[in-house]
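User: Please take a close look at a single part of the model shown here. One connected answer is enough, with the cut-offs given where they apply.

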Amino acid sequence: QVQLVESGGGLVQPGGSLRLSCAASGSRFSFNSMGWYRQVGKERELAATISSTGTTDYADSVKGRFTISRDNAKNMVYLQMNSLKPEDTAIYYCNARGVVESTYSATYWGKGTLVTVSP
């Protein structure tokens, strides 16, 4: 199976920046889409996604402040977060969708990393 491991979360003041990283490892895979979701309580929402060709989508709430990127050779996806606001506080989850072992499609989630924006 594929394992996704996030890193880079922490405590930051409003207006500050953080970079989240997600590393994929395990079975052979080819992910068409990777992204970041964030969760507050029971609600999980899309923050940003990126396709294998580099097409990106962002939630309106983060557009212009967050930038998603990926390194296919390293099986990594990143989320650069600038001008952070208290409402950005959430657990951020890495997500990947694609073909595993050249035989089946699957969706994987990381364990999450906590981002806290507070003065």
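Does Arg 38 count as buried or exposed?

Analyst: Arg 38 counts as buried, at 7% relative accessibility. For this term, buried is under 20% relative accessible area, exposed is over 50% and partly exposed lies in between, with a 1.4 Å probe and protein chains only. The model is a predicted one, in which local features need pLDDT of at least 70 and side-chain atom pairs count only at pLDDT 80 or more, while totals for chains, interfaces and linings use all residues. Residues are numbered from 1 along each chain as its sequence is written, and side-chain values use heavy atoms, with hydrogens and water left out.

The side chain of Arg 38 forms a salt bridge with that of Glu 45, at 2.9 Å from N to O. The term stands for a side-chain nitrogen of Lys or Arg within 4 Å of a carboxyl oxygen of Asp or Glu.

Within it, the side chains of Asp 88 and Arg 65 meet at 2.8 Å, N to O. Asp 88 sits in the loop between strand S8 (76–81) and strand S9 (90–100), and Arg 65 in the loop between strand S6 (56–58) and strand S7 (66–71), so the pair ties together parts that are 23 residues apart in sequence. Strands here are DSSP runs of E with at least two residues, and helices are runs of H or I with at least four, numbered from the N terminus. Both partners count as buried: Asp 88 has a relative accessibility of 1% and Arg 65 one of 11%.

By the stated rule the count comes to four salt bridges. Another of them pairs the side chains of Lys 63 and Asp 60, at 3.4 Å from N to O. Asp 60 is exposed, with a relative accessible area of 67%.

The charges in these pairs belong to a set of 12 positive and 9 negative side chains, and the centres of the two sets lie 3 Å apart. Lys and Arg count as positive and Asp and Glu as negative, without His and the chain ends; each charge is placed at NZ of Lys, CZ of Arg, CG of Asp or CD of Glu.

As for the setting, the chain has zero helices and eleven strands. Its radius of gyration is 14 Å, close to the 14 Å that the globule rule gives for 119 residues, so the chain is as compact as a globular protein of that length. That radius is taken over C-alpha atoms, and the rule is 2.2 Å times the number of residues to the power 0.38. Of the 119 residues, 43% count as buried. Among contacts (heavy atoms within 4.5 Å) between residues at least 6 apart in sequence, 55% join residues at least 24 apart.

The loop between S7 and S8 holds Asn 75, which has a positive phi of about 55° although it is not a glycine. At 31% relative accessibility, Asn 75 counts as partly exposed.
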